[in-house]
Amino acid sequence: MATSTNLSTPLSPYLPSHHRRRPHSASSLLLPIRKRLTISCNSSKRAPPPPSAVAQEENHPSLAEQLKPLSNTILSDQPNQAPLLSKPKSTWVNPTKPKPSVLSLQRHQRSTSYSYNPQIKDLRQFAKKLNECEESDFPAVIAEIPHPPTRENALLVLHSLRPWKKTLLFFNWLKAQNAFPMETILYNVAMKSLRFGRQFQHIDDLACEMIDKGIELDNITYSTIITCAKRCNLFDKAVEWFERMYKTGLMPDEVTYSAVLDVYAKLGKVEEVMSLYERGRASGWKPDPIAFAVLAKVFGEAGDYDGIRYVLQEMKSLEVQPNLVVYNTLLEAMGKAGKPGLARSLFEEMVDSGVAPNEKTLTALIKIYGKARWAKDALQLWERMRLNGWPVDFILYNTLLSMCADLGLVEEAEILFEDMKGSERRKPDSWSYTAMLNIYGSGGDVDKAMFLFEEMSEKGVELNVMGLTCLIQCLGRAKKIDDLVRVFETSIEAGVRPDDRLCGCLLSVVSYNEGDDADKVLACLEKANPSLVTFVKLLSGGESSNFDIVKEEFKNILSNTALDARRPFCNCLIDICRNRNYHERAHELLYLGTIYGLYPGLHTKTEEEWRLNVRSLSVGAAQTALEEWMATLAKIVQRDETLPAVFSANTGSGTHKFSQGLGNAFASHAEKLAAPFRESEVKAGFFIATREDLISWLQSKALTTACTN
């Protein structure tokens, strides 16, 4: 049995050559919509019912034998080719042999063969007893069934049972009674209860039992199996049963087809999703909003803006009105694709169409605005939320506070925070306080940060490690080391577990403190990361420490450090060395950091320009990198090698309100070295030097050094 769909068989017998394709470039999106060739999928002859599932598996091609990879059927091999200027030649299709359909356009009808049951009251009371009884009491309760187990009575009781274990016990009891033939509808009702309990294995067993006994599996059966597998994250099993459905000759209805579309999306199989979608559309299927939400999510995860536009275009052409779920999915997709302007337009379209946003909608939009640093739009949205009474939850409030922290919006954050305090249902939690600590910590407002810390203790709000890191950073910058030690020890006693970010923050405080203050911070760091303190003490041995020992210990430190904390560790260690006048050791650490991949893209070269990118380095590390670069260029000048016309250094401009950036420190160090780098008037955060000026300076420096020696 195939467990995954291999889309490898040509689609040419099934698809007209000019049916709708997913665009893959902006130019292809502008092509005029061509008229679709419509061919009836109904045959005048009806095939007799299959004698068995196994026999039909040999006669009917599987889905894997029908579908073909997206790369061969939908996507162009040459995405940059010019758009077609003429209508392609149509492929003739014999109308007496219509193309096979991949789904049934008629939703499976529920059975209505049972009528009103006069015993309904007694049976519901009995079902209530079964729901409430213990499993051990089940045999005794089942013996008190008020009426003989008929098909209608059994269906009524099965529909009324809630716990999946009781459903399974009752269903097994029914089979043991052998009072009437077990039909498909009985299995379907039992499976739905098991699906609610996420019991895929039991559902799989019942389905196999149906096959063994020759009981027909209909669309509802397969839909229940597939959706249960999806809920249990058993996506391969869902695909396996979908394959089996095709092999038996049964066409899925719209519900099953949409569910499988979502399964392939969960598996990340974009080609299969698009192939299924295109095959369904070629069969006359009009997707519902949920199917479009699946497509939007697929393209959003990939950050595929063209794909998102395709979804919007398809919905418009089919006159499918997006619902709230689709809008939310599209907004999240726009955020991942980095399109804040289009996300704003989509939101306005949503509101104008009469769809009211919920908390998820607003949270997604606030995240998009925050990421794009659109403070004005975010605050205007917040004001609209207040005026329109749109729903706000904890996540949305905390997202707004985090955005204010990222953008340095102190007053706006304080208004939001006070608003939360005045709310009966949305009091500030640990993450709310963390956002405020981040704001005050970034701005260096020690008094307000400490007030929040004391307030958290009084109100019993737990301080998390991120909040502690923000507070430690704030106190360290203010050189209030005694308060820092008290906060650290209190938090550790309260159960906060230090992580690598907190250790990096403590290491940073050590880098700009000396004497007793540095020792106090190192004592705190030793409680969180003893090996890191040992390495700092090794560096404090000065230039006498053996390079091979330093290299090995540094490698061990990095191996036990999270990826996102390795570069900050190296930056801080270089700063410590420079502040203690161990300049050679600082250059060694920069070299080790470079060979261990901590500074990718530090140097970039073109024929016209060589650039030093130091925006991810600390002040000390950037100064060390500049010195290292100048020393290398001096050797190149001595060898009389070809040099580009321009040399530049990128320190970053810093868009945060509280961001200091490297610009001032870099400019000061370049001035100290008398290096001919001047701040660019065109690009913020860039320092430029011409080839002639740099060569002249390097030669004069070399001459001065030679005379001194």
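This is a predicted model: local features need pLDDT of at least 70, side-chain atom pairs count only at pLDDT 80 or more; totals for chains, interfaces and linings use all residues.
The protein has 35 helices and five strands. Of its 709 residues, 47% count as buried. Among contacts between residues at least 6 apart in sequence, 72% join residues at least 24 apart.

**Sheet**

- The five strands form an open sheet of mixed pairing, in the order E1-E2-E3-E5-E4.
- Strand E1 (603-605) and strand E4 (678-679) are at the edges; each has a single partner strand, so one side of each is left without a neighbour in the sheet.
- Strands of a sheet pair through backbone hydrogen bonds, and the pairing is either parallel or antiparallel.
- Strand E2 (residues 609-613) and strand E3 (residues 646-650) run parallel and are joined by five bridges.
- Within that pairing, Glu-609 has Val-646 of E3 as its bridge partner.
- E3 is also joined by five bridges to strand E5 (residues 686-690), and these two run antiparallel.
- E4 and E5 pair over two bridges in the antiparallel sense, with Arg-678 standing opposite Ile-688 of E5.
- E4 and E5 form a hairpin with six residues between them, and Gly-685 in the turn has a positive phi of about 85°.
- Helix H33 lies across E1, E2 and E3, and runs at about 155° to E2.

**Nonpolar core**

- The largest nonpolar core contains 198 residues, of which Phe-170 and Phe-677 touch the most other members.
- Helix H33 (residues 619-638) supplies the largest share of this core, with nine residues.
- With neighbours within four places in sequence left aside, the contacts of Phe-170 are Phe-126, Leu-130, Phe-138, Ile-142, Ala-154, Val-157, Leu-158 and Leu-161.

**Helix pair H30 and H31**

- Two packed helices are described by the angle between their axes and the distance between the axes.
- For helix H30 (residues 547-559) and helix H31 (residues 563-579), the axes come within 10 Å and cross at roughly 140°.
- The crossing of H30 and H31 is right-handed.
- On the H30 side the contact is made by Phe-554, Ile-557, Leu-558 and Ser-559, and on the H31 side by Arg-566, Phe-569, Cys-570 and Leu-573.
- These contact residues divide into six nonpolar, one polar and one charged.

**Single residues in helices**

- Lys-551 lies in H30 and is partly exposed, with a relative accessible area of 33%.
- Beyond neighbours within four places in sequence, Lys-551 is in contact with Leu-592 and Tyr-596.
- Lys-551 and Leu-589 are 38 residues apart in sequence, while their C-alpha atoms are 8.3 Å apart in space.
- Tyr-591 is found in helix H32 (residues 583-595) and is partly exposed, its relative accessible area being 47%.
- From Tyr-591 to Ala-625 the separation is 34 residues in sequence and 9.3 Å in space, C-alpha to C-alpha.
- Thr-434 is found in helix H23 (residues 430-443) and counts as buried at 4% relative accessibility.
- Thr-434 is in contact with Asn-464, Met-466, Gly-467 and Cys-470, leaving aside its neighbours within four places in sequence.

**Positive phi in loops**

- Most residues other than glycine have a negative phi.
- Asn-233, a residue other than glycine, has a positive phi near 60°.
- Asn-233 is in the loop between helix H11 (219-231) and helix H12 (235-247), and counts as exposed at 54% relative accessibility.
- Lys-479, also a residue other than glycine, has a positive phi near 60°.
- Lys-479 is in the loop between helix H25 (465-477) and helix H26 (481-493), and is partly exposed, with a relative accessible area of 46%.

Technical notes
Residues are numbered from 1 along each chain as its sequence is written. Side-chain values use heavy atoms; hydrogens and water are left out. Axes are lines fitted to C-alpha atoms, for helices over the stretch in contact, and angles run from 0 to 180 degrees between N-to-C directions. Helices (H or I, at least four residues) and strands (E, at least two) are DSSP runs, numbered from the N terminus. A crossing is left-handed if the near helix is turned anticlockwise from the far one by less than a right angle, and right-handed if clockwise. Contact means heavy atoms within 4.5 Å. Ala, Val, Leu, Ile, Met, Phe, Trp, Tyr, Cys and Pro count as nonpolar, Asp, Glu, Lys and Arg as charged, and the others, Gly among them, as polar. A nonpolar core is a set of buried Ala, Val, Leu, Ile, Met, Phe, Trp, Tyr and Cys residues joined through side-chain atoms within 4.5 Å. Buried means under 20% relative accessible area, exposed over 50%, partly exposed in between (1.4 Å probe, protein chains only). Two strands pair if DSSP finds at least two bridges between them.
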